[in-house]
Amino acid sequence: MLYQLIKDGAKWAIEVSGGPQEKSIKKTFSSREDAEAWRRAISHGDEEAPVLKPISSKSTEKKVVKKKKAKKD
Amino acid sequence: MPTHFTNGVSDVIPGNPLYDFGRLDPTKYHIFWDDFDTTPVAAQWTLTATSAGTGTSAITVPDVDGGVARITTAANEDDGIFAEWISETFLLETGKETWMKSRFSLGDATQSDFVIGLHSSDTTPLDATMRFAWITEDGSAALFFNSDNNTTDSDSSTVVTLADDTYVTVAVHWDGVSSIKCYANNALVTTMTSITIPGAELSVGFGYLNGAAGAETTDIDYIFVAKERE
């Protein structure tokens with residue numbers, strides 16, 4: 001799991017990513033300290049690590065079908 | 001001309017199930033070895049990056065002979081990345097010797113925080129509850145070895161003074177009793193005595209943070225950890 005702390009406008013955010021088949025998530029915080037505290041709590045087991053959802057092949061197929069229909073219209 | 005043991009070699013006694021196995025018993029040591037021919041990925045390592053400045057802190061494996069984990073940092077002070085093996089798989093023990101060896105080159109030897117070795121799981125390994133690792137701290141190019149069992153925090157004297165973008169090879173040997181021998185570039189530099197080792201499992205880890213503004217590049221050539229199993 002990659003926990004990337006970034007500046008997100010006036011806020012701070014941690015982008016969490018995993019394997020190529022997993023959807024990344026972004027969690028925003030009002031301060032850098034809060035973001036780092038959340039990340040640290042996870043590593044200490046005080047906070048549950050986020051679970052990344054798999055990118056399903058079904059949803060990808062649906063998008064392809066929708067695009068084809070749109071062309072016919 | 002090498003000596004050819006065409007029937008194989010053995011390091012086990014009669015009656016051992018591997019007695020007729022023509023190679024040395026690979027189960028005698030628990031070994032971690034990464035030559036970084038492949039990128040440390042999020043499935044095997046927990047990666048903790050900070051990219052507050054311009055750019056993105058990341059680890060890649062570039063086209064370099066020998067295999068290198070290259071840390072590139074974003075441009076702010078305290079930007080950088082730590083990588084720790086996803087599980088704590090090494091327990092240092094009395095009666096079981098342990099060796100660690102690594103080779104690396106830091107982008108800025110003085111203006112940086114750097115750690116490599118074993119530590120308890122933590123997004124900021126420099127503050128981890130327990131450590132058995134080489135460390136250099138922001139503002140100093142001195143590399144020392146640190147053994148912290150959460151009760152006693154012991155630092156070696158300076159093992160080597162680092163220079164920017166210059167490779168160094170470091171190693172330690174825990175004798176299984178109370179001493180840690182510290183080596184730089186394959187020469188013994190100092191011995192830490194009366195050490196009480198960390199008493200819980202530790203992860204292999206490494207990481208680099210900028211100590212000043214400006215993107216940096218740090219290369220880790222390899223990490224080797226070996227512990228007697230029996």
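**Note on the predicted two-chain model**

1. Six bridges join β2(B) to β5(B), and the two strands run antiparallel. Strands are DSSP runs of E with at least two residues, helices are DSSP runs of H or I with at least four residues, and both are numbered from the N terminus. Two strands pair if DSSP finds at least two bridges between them. Within this pairing, B:Thr46 stands opposite B:Glu84 of β5(B).

2. The model is predicted: local features need pLDDT of at least 70, side-chain atom pairs count only at pLDDT 80 or more, and totals for chains, interfaces and linings use all residues. Residues are numbered from 1 along each chain as its sequence is written, while chains are lettered from A and ligands numbered from 1 in the order in which they are written.

3. Strand β5 of chain B (residues 80-85) also pairs with β15 (residues 203-210) of chain B, in the antiparallel sense and over five bridges. Here B:Phe82 stands opposite B:Gly207.

4. How many of the six residues of β5(B) are buried? Six of the six are buried, so the strand is largely enclosed by the rest of the structure. A residue is buried if 20 or more other C-beta atoms lie within 10 Å of its own, exposed if 12 or fewer, and partly exposed in between, with C-beta atoms placed from the backbone. B:Gly80, B:Phe82 and B:Glu84 point one way from the strand, B:Ile81, B:Ala83 and B:Trp85 point the other way, and all are buried. In a regular strand the side chains alternate between the two faces of the sheet.

5. The largest nonpolar core has 60 residues, of which B:Leu47 and B:Ile116 touch the most other members. The largest share of this core, five residues, comes from β12(B). Such a core is a set of buried Ala, Val, Leu, Ile, Met, Phe, Trp, Tyr and Cys residues joined through C-beta atoms within 7 Å. In soluble globular proteins, nonpolar side chains tend to be buried together.

6. Not counting residues up to four places away in sequence, B:Leu47 touches A:Leu2, A:Tyr3, B:Ala42, B:Ile59, B:Ile81 and B:Ala83. Two residues are in contact if their C-beta atoms, placed from the backbone, lie within 7 Å.

7. Between the chains, the contact takes 13 residues from chain B and 13 residues from chain A. The side of chain B that touches chain A divides into five nonpolar, seven polar and one charged residue. In this count Ala, Val, Leu, Ile, Met, Phe, Trp, Tyr, Cys and Pro are nonpolar, Asp, Glu, Lys and Arg are charged, and the others, Gly among them, are polar. Strand β1 (residues 2-8) of chain A pairs with β2 (residues 45-51) of chain B in the parallel sense over five bridges; the bridge partner of A:Tyr3 in β2(B) is B:Thr48.

8. Chain A contains two helices and three strands, in the order β-β-β-α-α from the N terminus. Of its 73 residues, 16% count as buried.

9. Two residues of chain B other than glycine have positive phi values. For B:Asn150, phi is near 75°, and this residue is found in the loop between β9 (142-148) and β10 (153-155). For B:Asp165, phi is near 50°, and its place is in the loop between β11 (160-161) and β12 (168-174). B:Asn150 is partly exposed, with 13 other C-beta atoms within 10 Å; B:Asp165 is partly exposed with 14.
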